[in-house]
Amino acid sequence: MKSDINIKEEIKEQLDKKPLLIDGAMGTMLQTFGLKQGECSEEWNISHPRVVRNIHQEYIKAGADIILTNTFGANRIKLSNFGKENDTLKINELAVNIAKEAINKETSLKKRIFIAGSIGPTGKILEPYGDLKVSEVYKNYKEQIVILEKTGVDLIILETFYDLEEIKAALKATKENTNLMVVASMTFDKNLKTIYGVDPEKAVIVLEGERADGVGANCGTGPEVLYKVLKIMKEVSQTYLMVEPNAGIPEFVAGKVIYPASPEVMANYAEKFIRSGINLIGGCCGTTPLHIKAMSAKIKNENYSW
Ligand SMILES: [Zn+2]
């Protein structure tokens with residue numbers, strides 16, 4: 001366990017002064033560079049490191065304060081779907097080093113950019129409905145998160161979870177094995193519940209009970225639905241709040257997935273979120289450096305009074 005207490009305090013100090021802007025999507029950006037549906041996006045850390053680095057650099061130029069590593073599905077269980085489980089160490093180490101390189105390349109920066117380790121679900125069903133044991137899930141995330149801390153991430157963002165037991169295991173694995181700040185975020189449908197039926201209030205209470213440093217919502221639906229989710233979260237939360245909406249609700253047009261929300265739409269929502277006291281804001285699927293740039297321009301003009 002490295003001594004990351006100072007990084008944690010540094011991030012919290014910044015968050016107490018102003019909201020921080022997280023970057024936008026990685027997966028849908030990689031698709032525009034040729035990643036195929038059903039291909040392992042994290043393998044691109046090995047095969048296309050320059051593409052991944054350029055995307056990070058575009059987000060940094062757009063104004064992001066936090067960039068997320070290309071590790072969303074880089075846990076051993078998820079990687080085994082692609083027969084890549086033996087590359088778990090390599091893929092995660094490379095991801096952090098690529099993010100560091102991107103920051104080093106942007107030499108004109110006058111601010112500190114933080115690297116967040118992105119952690120997503122295993123994609124498997126836990127007991128009692130499926131056959132995956134909580135202890136295996138814990139071990140799975142412990143392995144990935146310890147690698148990320150050793151290689152130098154500044155915080156962990158658990159994102160796009162819908163099963164409370166799975167995200168709890170990932171959260172515990174972070175709290176018990178690292179000194180990193182950890183934000184825990186779940187994905188809610190239009191009915192304001194996760195597909196496992198978890199509502200925002202319960203998510204906040206349980207995750208903060210497990211010592212999450214921040215909680216929030218991301219992916220699934222566009223900013224409109226997440227605005228309702230975050231409003232409920234704000235009422236019960238005692239900690240930092242994060243939101244990463246998709247660029248609207250994806251539509252199928254001529255066999256392609258289209259994300260309808262323009263950079264302007266996302267920027268207007270960003271302002272609304274910040275005014276309601278959200279501390280961390282970024283974009284999920286369908287967002288691009290243009291969305292982050294528009295969001296950055298909007299929220300940097302805000303006057304933060306809290
Ligand atoms: Zn997403």
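Where is the place of Pro-128? I found Pro-128 in the loop between strand E3 (114-119) and helix H7 (134-151). Helices (H or I, at least four residues) and strands (E, at least two) are DSSP runs, numbered from the N terminus.

**Entry 1. The model**

I note that this is a predicted model, in which local features need pLDDT of at least 70 and side-chain atom pairs count only at pLDDT 80 or more, while totals for chains, interfaces and linings use all residues. Residues are numbered from 1 along each chain as its sequence is written, and side-chain values use heavy atoms, with hydrogens and water left out.

**Entry 2. The whole chain**

I counted the elements and read twelve helices and ten strands in the chain. The radius of gyration is 18 Å, close to the 19 Å that the globule rule gives for 306 residues, so the chain is as compact as a globular protein of that length. This radius is taken over C-alpha atoms, and the globule rule is 2.2 Å times the number of residues to the power 0.38. Along the principal axes, the C-alpha atoms fill a box of roughly 50 × 45 × 40 Å.

I next looked up burial, where buried means under 20% relative accessible area, exposed over 50%, and partly exposed in between (1.4 Å probe, protein chains only). Of the 306 residues in the chain, 57% are buried. The chain exposes about 13400 Å², and carbon and sulfur atoms supply 51% of that area. Accessible areas come from the Shrake-Rupley method with a 1.4 Å probe; for residues, only the protein chains shown count as cover.

For contacts, the criterion is heavy atoms within 4.5 Å. Among contacts in the chain with a separation of 6 or more, 78% are between residues 24 or more positions apart.

**Entry 3. Backbone exceptions**

Most residues other than glycine have a negative phi, and most peptide bonds are trans. I therefore looked up the exceptions listed here, beginning with the background just cited.

The peptide bond from Glu-127 to Pro-128 is cis, with omega near 5 degrees. Arg-211 is not a glycine, yet has a positive phi of about 70 degrees. I located Arg-211 in the loop between helix H9 (200-209) and strand E6 (214-218), and at 49% relative accessibility Arg-211 counts as partly exposed. Ala-254 also has a positive phi, near 50 degrees. Its loop joins strand E8 (251-253) and strand E9 (256-258), and Ala-254 is exposed, with a relative accessible area of 79%.

Is Met-181 buried or exposed? Met-181, in strand E5 (residues 181-186), is buried, with a relative accessible area of 1%. Beyond its neighbours within four places in sequence, Met-181 is in contact with Lys-8, Ile-11, Lys-12, Leu-15, Leu-155, Ile-156, Asp-213 and Tyr-240. Of these I checked Leu-155, which is 26 residues from Met-181 in sequence and 5.0 Å away in space, C-alpha to C-alpha.

Ile-67 is in strand E2 (residues 66-68) and is buried, with a relative accessible area of 0%. Outside the four places on either side in sequence, the contacts of Ile-67 include Asp-23, His-56, Ile-60, Ala-99 and Ile-103. Ile-113, Phe-114, Ile-115 and Ala-116 are also among them.

**Entry 4. Two loop residues**

Phe-33 lies in the loop between helix H2 (27-32) and helix H3 (44-47) and is partly exposed, at 48% relative accessible area. Not counting residues up to four places away in sequence, Phe-33 touches Trp-44, Val-51 and Ile-55.

Pro-260 lies in the loop between E9 and H11 and is partly exposed, with a relative accessible area of 43%. With residues up to four places away in sequence set aside, Pro-260 touches Ala-247, Gly-248, Ile-249 and Glu-251.

**Entry 5. Helices H10 and H11**

How do the axes of H10 and H11 lie, and at what angle do they cross? The axes of helix H10 (residues 223-236) and helix H11 (residues 263-275) come within 11 Å and cross at roughly 5 degrees. That makes H10 roughly parallel to H11, a term for angles under 35 degrees. Axes are lines fitted to C-alpha atoms, for helices over the stretch in contact, and angles run from 0 to 180 degrees between N-to-C directions.

On the H10 side, Pro-223, Glu-224, Leu-226, Tyr-227 and Leu-230 meet Met-266, Tyr-269, Lys-272 and Phe-273 in H11. I read the residues of this contact as seven nonpolar, no polar and two charged. Ala, Val, Leu, Ile, Met, Phe, Trp, Tyr, Cys and Pro count as nonpolar, Asp, Glu, Lys and Arg as charged, and the others, Gly among them, as polar.

Definitions and conventions. Angles under 35 degrees count as roughly parallel, over 145 as roughly antiparallel, 65 to 115 as roughly perpendicular and the rest as oblique.
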